[in-house]
There are 2 protein chains.
Amino acid sequence: MLDLNKIGEINLPALDPHDALPGSHALLYTDWTVTEPQFDPEQLCARETVFTIGNGYLGTRGSFEEGFPQALPTTLIHGVYDDVPVIYTELANCPDWLSLMISVNGERFRLDRGEILHYERQLDLRHGLLSRSVRWRSPTGKTLDLEFQRFASLDDQHVLGLRCQITPIDCSGTLAEPFPWKIEVQSSLNGYPDTQGFDHWEQIDRGQIEQGTGQGVWLQVRTRSSHIELSMAVKLAVMGADASFQVTNAHGYSTLMSAFSAIAGQTISIEKVVTVFTSQDVEMPVQAAQDKLANLPAYGVLLDAHRQAWDAVWQHSDIEIEGDRTAQLVVRYNLFQLLISGSSHDVRVSIPAKTLSGLGYRGHIFWDTEIFILPFFTLTQPAIARSLLTYRYHTLEGARRKATHSGYQGAMFSWESAATGDEVTPRSSMPTDPYAEAVRIWCRDREIHLSADIAYAVWHYWQATGDDHWLRDYGAEIILDTAMFWMSRLEWHAQQERYELCGVIGADEYHEQVNNNAFTNRMVQWHLETAVAVYEWLQHAFPYQATALAKQLQLTAEHRLLWQTMIAKLYIPHDAKTGLIEQFEGFFQLQDIDLSKYEPRDRSMQAVLGIDETNQRQVLKQPDVLMLLYLMRDTQALPAHDNVLQKNWDYYAPRTDSTYGSSLTPAIHASLAANLGDAADAYKQFMQAALTDLKDNRGNTRDGIHGASAGGVWQAVVFGFGGIQLKDSAPIATPHLPPSWTRLKFKLNWRGTWHSFDLVPSPAQKPFSACRSSCN
Amino acid sequence: MLDLNKIGEINLPALDPHDALPGSHALLYTDWTVTEPQFDPEQLCARETVFTIGNGYLGTRGSFEEGFPQALPTTLIHGVYDDVPVIYTELANCPDWLSLMISVNGERFRLDRGEILHYERQLDLRHGLLSRSVRWRSPTGKTLDLEFQRFASLDDQHVLGLRCQITPIDCSGTLAEPFPWKIEVQSSLNGYPDTQGFDHWEQIDRGQIEQGTGQGVWLQVRTRSSHIELSMAVKLAVMGADASFQVTNAHGYSTLMSAFSAIAGQTISIEKVVTVFTSQDVEMPVQAAQDKLANLPAYGVLLDAHRQAWDAVWQHSDIEIEGDRTAQLVVRYNLFQLLISGSSHDVRVSIPAKTLSGLGYRGHIFWDTEIFILPFFTLTQPAIARSLLTYRYHTLEGARRKATHSGYQGAMFSWESAATGDEVTPRSSMPTDPYAEAVRIWCRDREIHLSADIAYAVWHYWQATGDDHWLRDYGAEIILDTAMFWMSRLEWHAQQERYELCGVIGADEYHEQVNNNAFTNRMVQWHLETAVAVYEWLQHAFPYQATALAKQLQLTAEHRLLWQTMIAKLYIPHDAKTGLIEQFEGFFQLQDIDLSKYEPRDRSMQAVLGIDETNQRQVLKQPDVLMLLYLMRDTQALPAHDNVLQKNWDYYAPRTDSTYGSSLTPAIHASLAANLGDAADAYKQFMQAALTDLKDNRGNTRDGIHGASAGGVWQAVVFGFGGIQLKDSAPIATPHLPPSWTRLKFKLNWRGTWHSFDLVPSPAQKPFSACRSSCN
């Protein structure tokens with residue numbers, strides 16, 4: 001399993017191949033693989049995240065089949081939420097399908113005992129395959145080679161495959177026991193997965209399947225509160241030995257056991273194939289799991305179909321970089337993590353902030369999806385983008401409940417959203433100290449820009465795809481009913497004769513209660529402009545639906561007139577002379593900060609200064625004015641001023657806590673720096689974003705992949721280094737490649753046509769169009 | 001297993017034996033057994049509580065060995081707390097040692113399938129044995145007799161025994177498959193028990209034990225936050241068949257399997273013996289569990305030792321009633337539930353409100369223990385009483401932290417207490433509705449009488465036992481440091497020239513913020529009087545320790561003088577003329593209530609009226625003034641007035657929600673009614689208390705035994721019907737027996753001597769002393 005094509009460590013700058021192994025924590029790579037050459041228990045949980053596999057339906061962390069102390073084996077399925085105290089709901093960790101215990105003459109294979117003579121774990125991004133190669137010597141001296149391989153089928157989302165090849169090694173010098181060895185394999189479905197200490201599953205039933213070719217067992221469980229039923233079925237095949245089988249069907253823990261004898265050099269292959277369904281997919285998951293299992297071809301056939309499915313996906317979504325193999329791999333790694341998180345199969349689910357790779361943020365869905373992740377899908381996998389946006393349509397009722405409970409009209413999307421769209425941001429943190437008061441979490445009430453962010457994503461999806469029917473049937477209602485919310489939320493200040501938005505949190509969460517946040521106000525203004533345009537388009541293109549929707553939303557001509565007034569009178573704090581936008585009213589009066597004076601540091605500025613002090617300083621957790629300028633790059637941002645981006649960049653970038661503030665920052669800064677022509681800074685920020693999880697930059701990779709950062713990496717390459725502008729006619733590139741990049745290739749789907757970009761460094765940095773591709 | 005001595009249903013009035021089976025929900029009884037003659041899935045969880053067994057170290061609910069949908073198999077061990085959100089900490093449900101799966105030719109025994117031809121479950125109170133007899137016909141027609149028996153050894157707290165006798169029945173008419181049948185038994189330790197959806201355990205390790213006489217497995221787990229390690233080991237013996245054995249040691253789920261053949265009429269006996277230790281008992285629980293298992297005698301020998309231990313316990317703690325077999329059984333049932341909850345082995349634990357029988361109140365410890373449960377132990381098992389009170393000594397540091405955090409001095413015991421004594425009452429209820437605000441729970445701040453209740457229990461323990469050394473080393477510090485708290489908590493009101501306690505909750509929790517609650521104020525006054533007396537006694541008896549303790553607590557002569565002033569000036573609202581005590585200032589001004597107007601009802605008055613309205617009415621959740629008069633019955637309660645008890649009884653009893661308010665009410669009302677000579681009412685209240693769980697009177701027996709009510713039942717018999725007064729010289733009885741009772745016998749230990757009471761109805765109800773018993 002050793003890949004001889006391995007050429008370097010993931011590090012900055014890209015290393016010479018011969019420097020490949022400076023430390024045990026390093027990962028190795030080729031263009032399509034990430035390899036962990038040594039096992040370091042300290043990195044256990046972060047690497048479980050890094051080696052997550054998935055297929056858009058589920059994600060499974062890279063936990064070991066045989067287990068390890070403190071491991072977090074986790075399989076998450078989109079939409080399988082269940083109630084929990086304080087945070088209301090979370091994605092429930094699903095039964096563990098990985099479990100495979102191997103014992104030799106009664107001695108159990110486990111990496112926390114005995115000796116690891118060889119170890120290598122590799123993720124093949126090209127084909128979504130995780131493999132591990134181990135040579136292990138047991139405490140009594142028995143030595144084994146084990147080759148593990150697993151995949152979550154991209155060809156059939158309900159199929160999972162796992163193979164282990166066992167070879168006893170003849171080490172007669174140290175060997176305590178003569179061959180043949182009795183090898184026992186226990187392959188389980190563990191119905192008791194914990195989700196950060198919660199046990200979401202009731203055991204409903206389990207049973208045995210008699211099959212011609214082997215034995216099978218199934219497990220049926222149900223979430224405690226949401227009553228989502230889930231069933232898994234598993235079969236086991238043993239090749240290369242004459243194996244006996246037995247079933248242990250303990251309550252909630254279905255196990256297939258197989259025993260056989262093996263001699264030195266004999267390789268026995270154990271193939272575990274699992275099917276999984278929930279009551280969100282089919283009416284009778286327990287039947288569906290058994291039926292599918294009964295009709296499955298062999299492991300190898302399943303694997304081939306899976307590989308082919310990946311071929312098709314990369315065909316459209318790959319980015320090729322020449323001259324910088326580090327960048328090549330890390331970009332593909334980030335795209336891989338996005339691709340395994342999104343699917344067009346279920347329009348009632350979306351991608352959580354930590355994808356399906358960990359329990360951070362409990363599977364809740366944020367603006368991360370629409371603003372950071374979605375452009376990649378919109379422009380390379382539009383069917384998935386449409387599905388993700390349709391989730392917001394299906395949660396409009398929850399958004400309406402939130403608006404009503406908050407005293408507003410229309411639909412107010414929830415800062416953290418799950419199955420229903422109701423607000424699931426925890427009301428407060430619950431201290432474990434019994435004498436400490438709970439700390440209020442204000443995002444749920446104040447970080448209102450989300451509704452405009454979603455409208456923004458809807459509009460851009462429509463712009464990119466020209467999907468008029470979707471806009472008519474889904475998108476228009478999202479944009480218009482959230483506009484109804486803004487109409488009720490905007491405050492008229494008679495003295496200043498302007499509309500304002502007070503008491504908000506902007507994109508920058510270091511400032512918890514501000515008035516007239518430029519980002520929010522301009523996004524709202526844009527939202528109302530867009531709402532007017534969308535309604536006019538609908539009236540023109542689909543007059544019947546326009547009337548029906550207006551009636552349904554109680555949207556009148558007077559309302560639309562009022563929107564026009566609001567657009568004209570909405571206050572956005574900025575200095576027309578200097579071009580400097582003020583993040584919010586009074587920001588420039590706050591005490592200034594020089595972040596370099598706090599270096600080196602290993603935690604956020606909020607952790608350094610405390611919540612209150614940070615609130616009082618000109619320090620940002622993430623881009624706010626710059627985020628606005630980034631999102632409005634193809635629109636007219638305020639103020640209309642020469643060099644407005646450069647002016648604001650120079651002011652805000654140095655005041656942003658880009659290392660330990662928000663992981664949303666580096667990719668956006670990379671894009672902007674590239675657009676501003678600062679290739680060196682752009683590359684630095686880009687690599688910081690791209691390595692967020694591969695290097696565990698922020699120390700919290702164990703909680704899951706930073707999905708927004710991964711989406712931002714694609715944007716930094718395409719919109720930053722590629723300099724793509726989405727013109728009405730077509731996307732136009734104005735490349736600003738990093739110095740080492742000799743070539744950058746990617747495809748974009750624009751209004752149904754594929755545009756292939758093949759960019760090379762251009763001293764003049766002149767814009768040019770793509771070759772239209774024949775594929776679509 | 002059918003007990004031919006069964007004579008009636010638990011019901012009121014005691015039934016003729018021939019009326020025994022009016023409904024499937026009824027329990028049958030003899031003097032020493034409770035029998036469930038039919039299985040009713042509707043009653044599943046309540047009956048799991050009813051059939052709890054235990055040994056003072058752990059409690060195990062009466063869940064079926066083979067499982068049942070929605071069952072709550074639970075084993076709780078004193079002191080094994082772990083963190084949870086909102087309620088801070090809870091007793092963790094421990095690995096399930098009951099699990100025993102039986103399959104016949106691949107068909108699994110389960111009561112939710114096939115046909116139950118005979119069913120009987122019986123708890124033998126005399127010897128702490130739970131048995132179940134089932135004749136079951138499988139869906140394919142195979143019929144089995146199964147006889148289960150289990151016990152938690154009272155002889156050795158770390159040993160658990162479970163036996164199942166299986167007999168295939170020849171029913172050739174319906175039989176689908178010929179004999180012999182292949183019977184498979186899976187006996188597991190399930191390391192994934194849930195605690196209301198929380199999974200508190202990390203799986204550390206598991207392994208196999210090779211023994212001469214059979215096979216064994218062990219399991220090692222650890223609580224996630226408190227890091228308490230627990231280990232169980234189990235062995236399985238099969239008698240009556242030639243059985244094969246196999247081990248499946250899945251992650252967290254250790255299973256011993258045994259397979260054998262059986263023909264019709266052949267009885268095979270399966271004996272499962274389990275050992276259990278935690279890191280609170282020994283340093284290496286995993287070793288201790290294996291070592292003990294290795295040296296255990298056979299099941300039958302263990303059972304004999306267990307029976308003998310119960311003989312010794314009942315020798316002192318039994319109550320014999322003649323003329324009323326219903327009362328006889330139900331009293332013993334309540335005493336049994338207390339006896340299995342208390343132990344003298346661990347002085348750092350105490351009895352939770354729901355004992356170890358369920359997850360209600362999450363294993364937190366309330367005043368229920370000291371005021372309701374403790375007298376039974378103090379007077380019949382003083383070593384257990386001492387241990388329970390010593391728990392409060394060991395939690396003084398937590399009580400001091402609570403005082404400090406609340407701005408007071410000394411030690412302020414926590415309304416809900418667990419491992420450390422810190423306050424673990426939830427700060428607020430957490431609504432599952434994301435738009436609902438949390439509701440503040442005020443007991444944690446305001447229900448301060450607990451510190452005086454504990455002092456009261458300490459004083460009475462000392463009075464009853466004369467245990468001077470314990471008072472010197474433990475009790476004095478409790479009484480004095482809580483007195484220091486009162487000194488800082490009392491408020492001097494200069495205008496009225498009196499001390500007051502404002503903003504409290506009294507014993508009656510329907511009134512959430514009151515001033516000068518008579519119960520609290522008089523208990524505090526008594527507490528300060530007692531503190532003065534205890535310190536004087538200490539100075540006289542142990543001057544060196546008195547000085548050291550005063551120094552440690554910074555208790556000065558001035559403080560003790562101030563206590564005297566406080567005693568003299570503490571305000572207790574009462575009418576010296578009428579003898580009526582006002583529950584708190586202004587209670588008599590609240591709107592009055594006639595509870596009969598709300599009958600019939602099936603919920604509490606707070607549920608009927610709402611929290612705010614209940615606060616405004618003269619309706620009580622539980623006795624408050626009457627509780628004070630009950631506790632002060634051998635002391636001088638205020639006001640010194642003829643018939644003060646009758647006057648207050650007549651006023652407060654009809655205003656108390658005794659059916660659906662607090663379960664603490666009926667037993668106390670029974671005692672008082674008996675003392676007042678109202679035998680009929682006393683008996684009615686007494687039976688209501690005694691049947692709280694056997695009849696699931698309040699609909700929440702599934703959450704666990706009402707421990708305080710069980711303790712109150714003993715008090716109602718001894719202090720109410722027996723009319724025991726604890727005079728300085730000896731306990732004196734003034735019996736007020738219910739009409740049907742022809743004899744009442746019990747023993748009390750008073751200052752080291754056993755006093756046996758043998759009471760018969762006495763028209764004159766004159767007091768008489770006990771015969772001194774020779775046993776001690």
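Trainee: Which residue is the bridge partner of Thr248(A) in β20(A)?

Mentor: This is a predicted model, in which local features need pLDDT of at least 70, side-chain atom pairs count only at pLDDT 80 or more, and totals for chains, interfaces and linings use all residues. Residues are numbered from 1 along each chain as its sequence is written, and chains are lettered from A and ligands numbered from 1 in the order in which they are written. Strands of a sheet pair through backbone hydrogen bonds, either parallel or antiparallel. Here, Thr255(A) is the partner of Thr248(A) in β20(A). Strands (E, at least two residues) and helices (H or I, at least four) are DSSP runs, numbered from the N terminus, and two strands pair if DSSP finds at least two bridges between them.

Trainee: How many bridges pair β19(A) with β20(A), and how many residues lie between them in the hairpin?

Mentor: Seven bridges pair these two strands in the antiparallel sense. The hairpin has two residues between β19(A) and β20(A), and Gly252(A) in the turn has a positive phi of about 80 degrees. β20(A) also pairs with β15(A), antiparallel, over ten bridges; there, Ile183(A) is opposite Phe260(A) of β20(A).

Trainee: Why is β20(A) described as largely enclosed?

Mentor: A residue is buried if 20 or more other C-beta atoms lie within 10 Å of its own, exposed if 12 or fewer, and partly exposed in between, with C-beta atoms placed from the backbone. In β20(A), eight of the ten residues are buried, so the rest of the structure largely encloses this strand. Helix α4(A) is likewise largely enclosed, because 14 of its 15 residues are buried. This helix, residues 325-339, reaches 21 Å from its first C-alpha to its last, close to the 21 Å expected at 1.5 Å a residue; the expected span is 1.5 Å times one less than the number of residues.

Trainee: How many residues does each chain give to the contact?

Mentor: Two residues are in contact if their C-beta atoms, placed from the backbone, lie within 7 Å. Chain A gives 37 residues and chain B gives 37 residues. On the side of chain A that touches chain B, the elements giving two or more residues are β15 (181-190), β19 (244-250) and β20 (253-262).

Trainee: What is the order of the strands in the open sheet of chain B?

Mentor: The order of its three strands is β4-β5-β6, with antiparallel pairing. β4 (53-54) and β6 (75-77) of chain B are at the edges with a single partner strand each, so one side of each has no neighbour in the sheet. Two bridges join β4(B) to β5(B), residues 58-60, and Ile53(B) stands opposite Thr60(B).

Trainee: Which residues does UniProt list for "binding site"?

Mentor: The unreviewed UniProt entry lists Trp367(A), Asp368(A), Lys621(A) and Gln622(A). UniProt positions are given in the numbering used here, feature names are shortened, and annotations may be inferred rather than shown by experiment. Trp367(A) lies in helix α5 (residues 367-380) of chain A and counts as buried, with 25 C-beta neighbours inside 10 Å. Leaving aside neighbours within four places in sequence, Trp367(A) is in contact with Leu450(A) and Asp453(A). Asp368(A) also lies in α5(A) and is buried, with 27 other C-beta atoms within 10 Å.
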